[in-house]
Amino acid sequence: MQIHIETFTVNKRFPLTISRGTTAKTTNVWVKISEDDIEGWGEASPFNVGNYPQSTDIIYQSILQIAPNLQALHPSQRQQIELMLNKAQIPSAAKAALDTALHDWMGKRAGLPLWQMWGLDPSAIAPVSVTIGINSPAGAKARVKDWLQFMDVKMLKVKLGNPDGIDADRKMLSAVREEAPTPDLYVDANGGWSLEDARNMCFILADMGVKYVEQPLPRGQEQTLVKLKKSSPLPIFVDESCFTSIDIPYLIECADGVNIKLMKSGGLTEAMRMIHTARACNLQVMFGCYSDSAIANTALAQLAPLADYLDLDSHLNLIDDPFTGALIEEGKILPNNLPGLGVQLSASAARSENCRSNT
């Protein structure tokens with residue numbers, strides 16, 4: 001098989017602020033795998049969690065180095081390819097791009113969308129949440145208005161962990177609820193609280209009707225998280241504390257659910273393992289994203305019927321996403337009926353690609 005790698009930069013309509021900083025744009029990696037006149041697509045987006053930074057350059061170079069070894073294999077040899085990627089210890093986001101491209105190739109070869117190949121039921125897909133980053137109360141209200149004008153919002157994800165403290169968090173969340181009294185709310189602190197603040201906030205959030213709280217304490221404080229879970233009136237989900245299925249059994253005592261992301265897991269193959277492992281451990285499942293385009297979010301949407309909650313909205317906040325894929329209908333992200341991922345170039349990106357090909 002042939003492997004082609006290129007980068008593309010996407011810009012956010014609204015910069016996103018979380019407890020660790022603000023992101024306005026990212027440069028992602030687009031992987032194309034070709035064999036038998038079929039081309040499969042995958043994406044890697046950079047992220048940084050604690051001691052696990054995965055920059056665009058690290059991702060790109062790792063794929064570039066492993067590509068010559070992969071070219072001797074056929075896209076259908078996914079088990080052998082996975083063993084090779086694991087042995088090379090390439091970053092999880094790089095694995096995600098390659099694994100997603102292999103799945104896309106397989107679906108296109110079969111002429112079926114991935115959700116149909118897995119026998120899944122799109123009617124079981126839960127609403128997708130849209131994200132409100134850390135902001136002033138007035139800024140948060142304005143962002144809520146933007147989302148409400150953009151789509152039928154069923155669920156809002158509110159980023160807390162404000163460096164100014166939990167009083168600032170409370171005021172911002174109150175403003176969000178005032179502007180959007182109907183949608184369900186959940187909160188993601190991205191590890192921005194201490195144990196004491198997290199305990200106080202969980203009771204405040206419960207009184208405000210929040211459904212659950214995500215990653216209240218920093219990665220590495222899972223034993224402390226056990227104490228919080230015992231006293232919290234809200235379910236606790238972990239994100240930064242959970243990368244792959246190996247992590248999940250150790251989280252049973254400190255969490256009620258896990259956030260699965262393609263870039264952390266290393267692709268759809270491991271995401272499926274994580275789902276089954278979480279269910280076996282009696283944990284709930286949510287899907288999340290980083291600064292992903294429609295490629296990665298459409299890929300994970302193929303597994304959406306297996307999730308309790310969905311946070312796959314990053315591509316909706318892009319002003320220049322080169323790709324189109326999953327549909328947004330009645331507050332839900334729905335994979336389409338095209339084979340494989342069902343992802344195509346946007347009209348503007350297709351024109352640019354044609355111009356480049358003709359020069």
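Is Phe8 buried or exposed? In this predicted model, Phe8 has a relative accessible area of 10%. Buried means under 20%, so Phe8 is buried.

The structure holds 11 aromatic pairs. One of them joins Phe8 and Phe323. The ring centres are 5.4 Å apart, and the planes meet at 80°. Planes over 60 degrees apart count as edge-to-face, so this pair is edge-to-face. Phe8 lies in strand S1, whereas Phe323 belongs to strand S14, residues 323-324. The pair therefore ties together parts that are 315 residues apart in sequence. Phe323 is buried too, at 3% relative accessibility.

A pair of aromatic rings is described by the distance of the centres and the angle of the planes. For Phe47 and Phe243, these values are 6.2 Å and 45°. This aromatic pair is tilted. Phe47 sits in strand S4. Phe243 sits in the loop between strand S10 (236-238) and strand S11 (257-261). The contact thus ties together parts that are 196 residues apart in sequence. Phe47 counts as buried, with 6% relative accessibility. Phe243 is buried at 10%.

Phe8 and Phe323 also belong to an aromatic cluster, together with Trp30 and Trp41. The charged end of Lys108 sits over the Trp41 ring, 5.2 Å from its centre.

The largest pocket holds about 720 Å³ of space. Its lining has 36 residues, and the closest to the centre are Lys12, Leu16, Ile18, Thr23 and Ser291. Several elements give two or more residues to this lining, among them strand S2 (21-35), strand S6 (129-132) and helix H5 (137-150). Strand S4 (47-49) is also one of these elements. Strand S1 gives the largest share, 6 residues. By class, the lining has 11 nonpolar, 13 polar and 12 charged residues.

The second largest pocket has a volume of about 420 Å³. It is lined by 22 residues. Glu82, Asn86, Lys95, Ser265 and Gly266 are the closest to its centre. Two or more lining residues come from each of four helices: H2 (78-88), H3 (92-110), H9 (262-265) and H10 (268-280). H2 gives the most, with 6 residues. This lining divides into 6 nonpolar, 9 polar and 7 charged residues.

How values were computed
Residues numbered from 1 in each chain as written. Predicted model: local features only at pLDDT ≥ 70, side-chain atom pairs only at ≥ 80, totals over all residues. Heavy atoms only, no water. 1 Å grid on protein atoms, 1.4 Å probe; cavity = no way out; pocket = protein on both sides within 12 Å on 5 of 7 lines; lining within 4 Å. Points joined across faces, edges and corners; volume = space filled by probe spheres on them. Nonpolar A, V, L, I, M, F, W, Y, C, P; charged D, E, K, R; others polar. Phe/Tyr/Trp six-rings, centres within 6.5 Å; stacked < 30°, edge-to-face > 60°. Buried < 20%, exposed > 50% of the residue type's maximum accessible area, 1.4 Å probe, protein only. Lys NZ or Arg CZ within 6 Å of the ring centre and 35° of its normal.
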